[in-house]
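Student: Can we walk through this one together? I'd like to go piece by piece.
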Amino acid sequence: MKKPVYIFSDGVLKRKNNTLFFESEGVQKFIPVENTSEIYIFGEVDLNKRFLEFLTQSEIILHFFNRYGYYVGSFYPREYLNSGYMILKQAEHYLDLQKRLTLAKAFVKGAYKNMKQVLKYYQSRGIDSLDRYIQQMDNQFESISGIDSIATLMAIEGNIRQTYYSSFDLIIDDDNFKFEKRTKRPPRNAINTLISFGNSMMYTIVLSEIYRTHLDPRIGYLHSTNFRRFTLNLDVAEIFKPIIIDRLIFSIISKNMLKPEHFEEDFEGMLLKDEAKKMFINELEQRLSTTITVKNIGNHVSYRQLIRIELYKIEKHLMGEKEYDPYVTQW
Amino acid sequence: MYTILVYDVNEKRVAKALKVCRKYLNWVQNSVFEGEISEAKLKKLKLELSQKLNLEEDSVIIYNFQTKFYSSREILGVEKNNLDRFI
């Protein structure tokens, strides 16, 4: 029910009349606190401590993006669901290599199965040559069972993803959106820019959901917990990236919603303009609120709820109640 | 649940009603609010409003829709506040 708010304008965000208030030249807008789940800031926004205190009180996360649209960081308010027990369990599963591998492999498995589902979907739409890529991914995945180190596991995950990405040109089939190869920091063409932007949105969405559970986002399993801040959201996002972000990109392109003028070149890289970001986010929000029926749940759940359910499944695994089995899409 | 809330409140308490409603729903025009809200939040809103208002004299009407599916929204003239999720 609660909805995220996206701020692209420059201005001041503050607390006013016990609610959120955004003010810039000519624009004055109250945002209902009780109905806000998180705030995404893309513009140049000023805020003060009193405002952050208020956000902590209302349990709202703030995500910042820089002017290139890259993720900068989040204001992660004090945990309101505290559980020493859960932290111990998370640490236990991290420190014990076998337990860590079990979880890490589950994430890779989930990611691989969902990538395969995406390719299968397009195969059923008449792109026959995808079969070769699915075969190759299957082969790469098979070697996963004997692995006993996280580094090799990540390498295999990388290989699977590379195979998956190399099939993109077949799926998209649009001269304006040639994929060629995955480039990051900076992404060098339109499609890479979309993937990067979509993935960083996905990471923040999962992070926001983790905030609403007892899990600690700092302890991840596939991505090692070192001195970076959050890793668990990266792990969980792997599962959802193919079915949410990649599918979204394909559908946006096939509907001709993106034009070359939505991009601009900068520092050898390619940037998305605000207008295109808004359109992308709008479509993403729509997708996240789409409800589907899921086996074993029986009820209609939205994709956003599905992410939360995934986190609860991890909690159950950590507590030793039920083995974690990643979500694999049915379509 | 999608909700439209309108109030007709004595001038003395109008500001109070406005402030409470702004926390839960989007302001649309003078004394009209609308927005997606959960049942629990709506209960909270009603409670807060009834504490601030004089229910002998003031009047608040709340329209609830289970779904927006069969509804449409038209604006004649000026849209005083657009309900976009982007600012």
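Student: Let's start with Glu39(B). Which element is it in?
Tutor: Glu39(B) sits in helix 2 of chain B. Helices (H or I, at least four residues) and strands (E, at least two) are DSSP runs, numbered from the N terminus. The model is predicted: local features need pLDDT of at least 70, side-chain atom pairs count only at pLDDT 80 or more, and totals for chains, interfaces and linings use all residues. Residues are numbered from 1 along each chain as its sequence is written, chains are lettered from A and ligands numbered from 1 in the order in which they are written, and side-chain values use heavy atoms, with hydrogens and water left out.

Student: Is Glu39(B) buried or exposed?
Tutor: Exposed, with a relative accessible area of 61%. The cut-offs are: buried under 20% relative accessible area, exposed over 50%, partly exposed in between (1.4 Å probe, protein chains only).

Student: How far is Glu39(B) from Tyr2(B)?
Tutor: 10.0 Å in space, C-alpha to C-alpha. In sequence, Glu39(B) and Tyr2(B) are 37 residues apart.

Student: And what is the bridge partner of Tyr2(B) in strand 4 of chain B?
Tutor: Phe65(B). Strand 1 and strand 4 of chain B pair in the antiparallel sense, over seven bridges. Two strands count as paired if DSSP finds at least two bridges between them.

Student: What is the strand order in the chain B sheet?
Tutor: The order is 2-3-1-4, in an open sheet of four strands with antiparallel pairing. Strand 2 (26-29) and strand 4 (59-65) of chain B are at the edges with a single partner strand each, so one side of each has no neighbour in the sheet. The twist averages 25 degrees from one strand to the next. Angles run from 0 to 180 degrees between N-to-C directions, and axes are lines fitted to C-alpha atoms, for helices over the stretch in contact.

Student: Which strands does helix 1 of chain B touch?
Tutor: Helix 1 of chain B packs on the sheet and touches strand 1, strand 2 and strand 3 of chain B. Its direction makes about 170 degrees with that of strand 1 of chain B. Contact means heavy atoms within 4.5 Å.

Student: And helix 2 of chain B, which strands does it lie across?
Tutor: Strand 1 and strand 4 of chain B. Helix 2 of chain B runs at about 175 degrees to strand 4 of chain B.

Student: Back to helix 1 of chain B. Which residues are buried?
Tutor: In helix 1 (residues 11-24) of chain B, they are Arg13(B), Ala17(B), Val20(B), Cys21(B), Arg22(B), Lys23(B) and Tyr24(B). Their cover includes strand 3 and strand 4 of chain A, along with strand 1, strand 3 (32-36) and helix 2 (39-52) of chain B.

Student: Where is Asp8(B)?
Tutor: Asp8(B) lies in strand 1 (residues 2-8) of chain B. A UniProt "binding site" annotation, from an unreviewed entry, covers Asp8(B). UniProt positions are in the numbering used here, feature names are shortened, and annotations may be inferred rather than shown by experiment. Asp8(B) is exposed, at 59% relative accessible area. Leaving aside neighbours within four places in sequence, Asp8(B) is in contact with Asp58(B) and Ser59(B).

Student: Switching to chain A. What order do the strands take in its open sheet of four strands?
Tutor: 4-3-2-6, with mixed pairing. Strand 4 (27-31) and strand 6 (45-46) of chain A are the edges, each with a single partner strand, so one side of each lacks a neighbour in the sheet.

Student: How do strand 2 and strand 3 of chain A run, parallel or antiparallel?
Tutor: Antiparallel, with five bridges joining strand 2 (residues 11-16) to strand 3 (residues 19-24) of chain A. Lys16(A) stands opposite Thr19(A), and Arg15(A) has Leu20(A) as bridge partner. The hairpin has two residues between the strands, and Asn17(A) takes a positive phi near 50 degrees. By contrast, strand 2 and strand 6 of chain A pair in the parallel sense over two bridges.

Student: What about helix 3 and helix 4 of chain A, at what angle do they pack?
Tutor: About 165 degrees, with the axes 10 Å apart. Helix 3 and helix 4 of chain A are therefore roughly antiparallel. The classes are: under 35 degrees roughly parallel, over 145 roughly antiparallel, 65 to 115 roughly perpendicular, the rest oblique.

Student: Last one. Is His317(A) buried or exposed?
Tutor: Buried, with a relative accessible area of 10%. His317(A) is in helix 10 (residues 303-318) of chain A. Not counting residues up to four places away in sequence, His317(A) touches several residues, including His93(A), Thr102(A) and Tyr324(A).
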